[in-house]
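User: I would like to learn how to read a few features of a protein model, step by step. Could you show me the structure and take my questions in turn?

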Amino acid sequence: MSLVLDNHAQDLLFRSARTANTFTDEPVTDEQVRAIYDLVKYAPTSLNMQPLRVVLVRSEQARERLVEQMADGNKAKTGKAPLVAILAADTNFHDKLPDLFPHAPGIRDWFTGDDAARANTAQFNAALQVGYFILGVRAAGLAAGPMTGFDATGIEKEFFADGEHKVLAVVNIGKPGEGAWFDRNPRLDYDDVVKTA
């Protein structure tokens, strides 16, 4: 066996992991979300940067504002999910780098002066963290429904008025409900993806 993760964990995190489309009414607690974050924050990124920012949408008013920005096919399930998380990249992530990468004096300055490059770096590393976050949701015994069908500019105006964040995904979170899963679709085989140079 080439993997050290046991079969149950492999199934939980990968083989049986699919996008959930319905959820039960069981709430997702702040303690569960904190446990998820406290696990996934350790996963690797470039220079230990941590550009991911999360807004937990809990209030009815905030939910209504978010649902208005979702694509039609995502409105109903986003309106009903026990918890919705907006995942965004902080384009000023470099302000935290002196604390996160302390052995490199002046590291913050590496990312000043080129806003486009800094934004690309933020989005790449936050996208890594989005994947880790979804795995963390699965590790907590919950289901995730990640979506990209939304008006990103609208969500940024509603939830990140500072203009310094780029929304990457909206994730519905909870216990899977009846009919939560579509049938498993095919995946590419190893030889279709991996080449040796």
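User: Within what distance do the axes of helix α3 and helix α7 come, and at what angle do they cross?

Analyst: Please keep in mind throughout that this is a predicted model. The axes of helix α3 (residues 60-67) and helix α7 (residues 152-159) come within 9 Å, and they cross at roughly 155 degrees. Since angles over 145 degrees count as roughly antiparallel, α3 and α7 are therefore roughly antiparallel to each other.

User: What about Gly 154: where is it found, and is it buried or exposed?

Analyst: Gly 154 is found in helix α7, and because a relative accessible area under 20% means buried, its value of 11% makes Gly 154 buried. For a sense of its place in the fold, the C-alpha atoms of Gly 154 and Pro 44 are separated by 30 Å, the two residues being 110 apart along the chain.

User: How can the length of a helix be checked, and what span should α6 have?

Analyst: The check compares an expected span with the distance between the end C-alpha atoms: at 1.5 Å a residue, the 25 residues of helix α6 (residues 115-139) should span 36 Å, and the end C-alpha atoms are 35 Å apart, which agrees.

User: Which residues of α6 are buried, and what covers them?

Analyst: The buried residues of α6 include Arg 118, Asn 125, Gln 129, Tyr 132, Phe 133 and Arg 138, and also Ala 119, Ala 122 and Ala 126. What covers the buried residues of α6 includes the helices α1 (7-15) and α2 (30-40), together with the strands β1 (52-57), β2 (83-90), β3 (143-147) and β4 (165-174).

User: How should I read phi, and where does it take a positive value?

Analyst: The general idea is that most residues other than glycine have a negative phi. Just after α6, Gly 141 takes a positive phi of about 80 degrees. Leu 47 is not a glycine, yet it has a positive phi of about 55 degrees, and Asn 48, although not a glycine, has a positive phi of about 60 degrees.

User: Where do Leu 47 and Asn 48 lie, and how exposed are they?

Analyst: Leu 47 lies in the loop between α2 and β1, and the place of Asn 48 is in the loop between α2 and β1 as well. With 26% relative accessibility Leu 47 counts as partly exposed, and Asn 48 is partly exposed at a relative accessible area of 33%.

User: Where is Asp 109, and is it buried or exposed?

Analyst: Asp 109 has its place in the loop between α5 (97-100) and α6, and it counts as exposed because its relative accessibility is 53%.

User: With which residues is Arg 184 in contact, leaving aside its neighbours within four places in sequence?

Analyst: With those neighbours left aside, Arg 184 is in contact with Phe 14, Arg 15, Ser 16, Ala 17 and Arg 18. Arg 184 is found in the loop between β4 and α8 (190-193), and at 35% relative accessibility it counts as partly exposed.

User: Which annotation covers residues 17-175, and how much of that span is helix and strand?

Analyst: According to the unreviewed UniProt entry, the annotation "domain: Nitroreductase" covers residues 17-175. In the model this span is 41% helix and 18% strand, and its end C-alpha atoms lie 13 Å apart.

Technical notes. Residues are numbered from 1 along each chain as its sequence is written. This is a predicted model: local features need pLDDT of at least 70, side-chain atom pairs count only at pLDDT 80 or more; totals for chains, interfaces and linings use all residues. Side-chain values use heavy atoms; hydrogens and water are left out. Axes are lines fitted to C-alpha atoms, for helices over the stretch in contact, and angles run from 0 to 180 degrees between N-to-C directions. Helices (H or I, at least four residues) and strands (E, at least two) are DSSP runs, numbered from the N terminus. Angles under 35 degrees count as roughly parallel, over 145 as roughly antiparallel, 65 to 115 as roughly perpendicular and the rest as oblique. The expected span of a helix is 1.5 Å times one less than its number of residues. Buried means under 20% relative accessible area, exposed over 50%, partly exposed in between (1.4 Å probe, protein chains only). Contact means heavy atoms within 4.5 Å. UniProt positions are given in the numbering used here, feature names are shortened, and annotations may be inferred rather than shown by experiment.
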